[in-house]
Amino acid sequence: MSEQPEAFACAYKRKENEMRRPRPARAITLTLTALLTLAVVLLTAGCSGSAPPPPPTATPAPSTATPAPSTATPAPSTATPAPSTPTATPAPPTATPAPPTARPAPPTATPAPPATPTPSANLTGGCIDDFSPSVDYFPQKSSPEFAGNFTIEYHKSYKLLTVKEPFTGGSPRSYLLAQCGAPVPQLEGRWANAPVIRIPVETIFTGSTTHLPMLAALGRVDSLTGVAQTGYVSSQPVLDRIAAGLVAEFAPTFEIDAEVVIEASPGVLLASDAGPSQAHDTLANAGIGVVWNGEWLEETPLGRAEWLKMVAALFNEEAKANEQFENIAGSYNALAQKTGGIPEAQRPTVMTGLEFGGVFYASGGRSFAAQLIDHAGGSYVWADDDGSGSIETDIETQLERAGDADFWINAGAFWHTLSDVAGADERYTHFKPYKTGQIWTNNLALNDAGANDYYERGVTRPDLVLADLISIFHPSLTEERELQFYKQLQAP
Amino acid sequence: MPLARVRGWQWAVFGGLLAALGVMFFLGIALGSVVIPLDQVFAALTGGQTDKASWEVIIESVRAPRSITAVLAGAALGLAGLQMQTLFRNPLADPFILGITAGAGLGVAVVVLLAGAGGPTFTAGLGNLGNVGIVAAAFAGAAATLALVLLLSARIRNYVTILIIGLMFSYAVGSLVTVMIAAADARQIELFVAWGFGSFRGVTWQEMRIFAPVVGAGIVLGALLAKQLNALLLGEAYARSMGLNVKRMRLLTMLGASALGGVVTAYCGPVAFLGVATPHLARALLGSSDHRLLIPAVILLGGVVALFAELVAQLPGQTAALPLNAVTSLIGAPVVIAVLMRSRRGAFAS
């Protein structure tokens, strides 16, 4: 009998740690950490002693402070916001302990072996409580069509996610996404050591603003508990969550603050860093699932937008992702088809870029910008280049190539009038788009804080960007519509 | 100001430098990443029509200001370096020894690194800075540092103390920049590093209206102080016995040299090496430490070296240029070592 309470107590402690997840606001977390430490200390004392703590099933999130004795009484009043935060957790009570080994839970396992109906949809919240190895828990599946940098392999109760190039030059990373409530499979080879992520994840930290519209598309903004930098966020629902203190900022100095992440213990962290650092190891050691986001290494705008499916796989939201992406790809391809037949002679020539410190930076010939220009029925001046990043040239080469271009797009993000162009560098005035007033910036959706939705929604909705560009290059091809991202610089 | 006695072979050196400057300048106009036939270059220079309209723009608006900038910057750095070396009697002194570059760097860092959210792509952050913002920030930083150092040094007699104060300024200001770098985004840091490479390509005709007069004024001031610098070579006591107001002369020299260094840094970034090397090359070439000879020599030589570096930086057939500072140091260092090894008079004849 003395074994049981100890096991329970320690399980309970683990449970508490999980329960702490959705509390980003620092004041709250600090208070709770203090409380929790106290509770853990007391519980540890209780492990060797006699007092058994309450059983885990009976504890929803707000009660984390309950085991603390009366000494802790003043604290709950200071921690008033705490009870409100658990509302963000999607259905915690369903997250009953049900350990995969299922040793202490015979009643559910034994009586109903044949009564496991095949689910008709993926479980988008909580865990399964009557695991059966013969059931396919993921009837809804996604597979990338345009994206080349990730693959998902579906099994009955788990998915194998591979990011082929997690960062520039990085070797493939594999992740085992295991359905909550099902045992974690013992796999061989490169899967043996793959990080395990319990899905559907309840909370997510994201390093790239491009995932925010994806969360919105999946209806999972409420699961967002951390972003790398709050200053880059454009999406209003996310800004609201930030204002409410529900979203932690985990890399304000562009370096992951491991403590902030561990404190919040998100179900998954999508890392969008230039390469691995010690912080990633620290997080992995702390049991945080770090999934590399290789979305920005995709080669096509649609491929990049299709990472919606990868994010969806973490939430079991494949059905929504498939539907949303089908719409995006459908409207993108319909638009591209309209301009596809335009002969080269009727395509306006288009330049991009800016000069800085003696170097003119322009989009590469295989970059997203170049592809969008092509699909919008334009002719990019660097189309013969085969780089996907940016070209570093000088202004005289740019003048030679693009001096008489018809359009200049993606010009200075902070330009608003043509006089800003001349003021920035008078050599810009020798380009034809300056003389004809055809300089377009992508800063129409710039908010007061300086964040540009072009880099957020513009990435996940390439169809909208393409529609903008077609309106600019071939106004006759599109019906009257309001531009979403692009703005023409006006004469002062 | 009595003219210096110039020997025949020294006239030849001056003639050679002038010719080299002319050739380099022409090459600077004729060569670039875009291949323009020579006859078209002549046509553009003589006001004629070029076959392609863009060539005229390239020569007039890109190459001409670039080459003039190189000449002016080289001259300014050479002269300022010479003045500082003589003033501080230190062969390692350069125009930036009083912390001017560090101050300019701080100004640029504030603009580039604290510019706020520009967006996650590299060029997104460029728009609000432009060259104008960078220049203004560097100017402000350099001027503020200079004012502080001059204010302090007016109360100090000892040269070494002034040098150390300048050094301390560099460290203190540099640490502020380090803090900003630590809190900045990788792309912003890339921009800041790019500024640190130095470049003669950012100056437009518009900016030339400030750049050229400031450099000109600094050169005139330097020429006027040539004789007093000569007196200083013989020691401060001797200079004072000749009726020289050493304190005033010291302040004027520091002001002039720092203004030259500061304006070049503001418009071209921290161009390394030229300020230290050009005076040594000039002394070795002329075999003299008479400033009435050295000052015109460093002005010509500085221009030649700067133009040469700019030409080499532009790799033939490549659209992107090498960082200017890499070229000046990589090519310049062996040349200076070779010259010094052959020179009978050694590094710092005085």
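A nonpolar core is a set of buried Ala, Val, Leu, Ile, Met, Phe, Trp, Tyr and Cys residues joined through side-chain atoms within 4.5 Å. Buried means under 20% relative accessible area, with exposed over 50% and partly exposed in between (1.4 Å probe, protein chains only). This is a predicted model: local features need pLDDT of at least 70, side-chain atom pairs count only at pLDDT 80 or more, and totals for chains, interfaces and linings use all residues. Residues are numbered from 1 along each chain as its sequence is written, chains are lettered from A and ligands numbered from 1 in the order in which they are written, and side-chain values use heavy atoms, leaving out hydrogens and water.

**Nonpolar cores**

- The largest nonpolar core has 115 residues, and A:Trp408 and A:Tyr428 have the most contacts inside it.
- Domain 2 (150-297) and domain 3 (339-488) of chain A each supply at least three residues to this core; the bounds come from an automatic or database domain assignment.
- A:Trp408 touches A:Tyr428, and its other contacts include A:Met351, A:Leu354, A:Trp415, A:Phe431 and A:Trp440, not counting residues up to four places away in sequence. Contact means heavy atoms within 4.5 Å.
- A second, separate core has 96 residues, among them B:Leu87, B:Ala109, B:Ile156 and B:Leu294.

**The four-strand sheet of chain A**

- Helices (H or I, at least four residues) and strands (E, at least two) are DSSP runs, numbered from the N terminus. Two strands pair if DSSP finds at least two bridges between them.
- An open sheet of 4 strands runs in the order β1-β2-β3-β4 in chain A, with mixed pairing.
- Its edge strands are β1 (150-154) and β4 (196-199) of chain A, each pairing on one side only.
- From one strand to the next, the twist averages 25°.
- Strands β2 (residues 158-163) and β3 (residues 173-179) of chain A pair antiparallel over 6 bridges. A:Tyr158 has A:Ala178 in β3(A) as its bridge partner.
- Helix α10 (residues 307-315) of chain A packs on the sheet and touches β1, β2, β3 and β4 of chain A; its direction makes about 40° with that of β1(A). Axes are lines fitted to C-alpha atoms, for helices over the stretch in contact, and angles run from 0 to 180 degrees between N-to-C directions.

- Strands β5 (residues 204-206) and β6 (residues 224-227) of chain A run parallel, joined by 3 bridges. A:Ile204 stands opposite A:Leu224 in β6(A).
- β6(A) also runs parallel to strand β7 (residues 248-249) of chain A, with 2 bridges. A:Gly226 has A:Ala248 in β7(A) as its bridge partner.
- β5(A), helix α5 (residues 211-218) of chain A and β6(A) form a right-handed β-α-β unit. Right-handed means that, with the strands pointing away from the viewer, the path from the first strand over the helix to the second runs clockwise.
- β6(A), helix α6 (residues 236-243) of chain A and β7(A) make a right-handed β-α-β unit.
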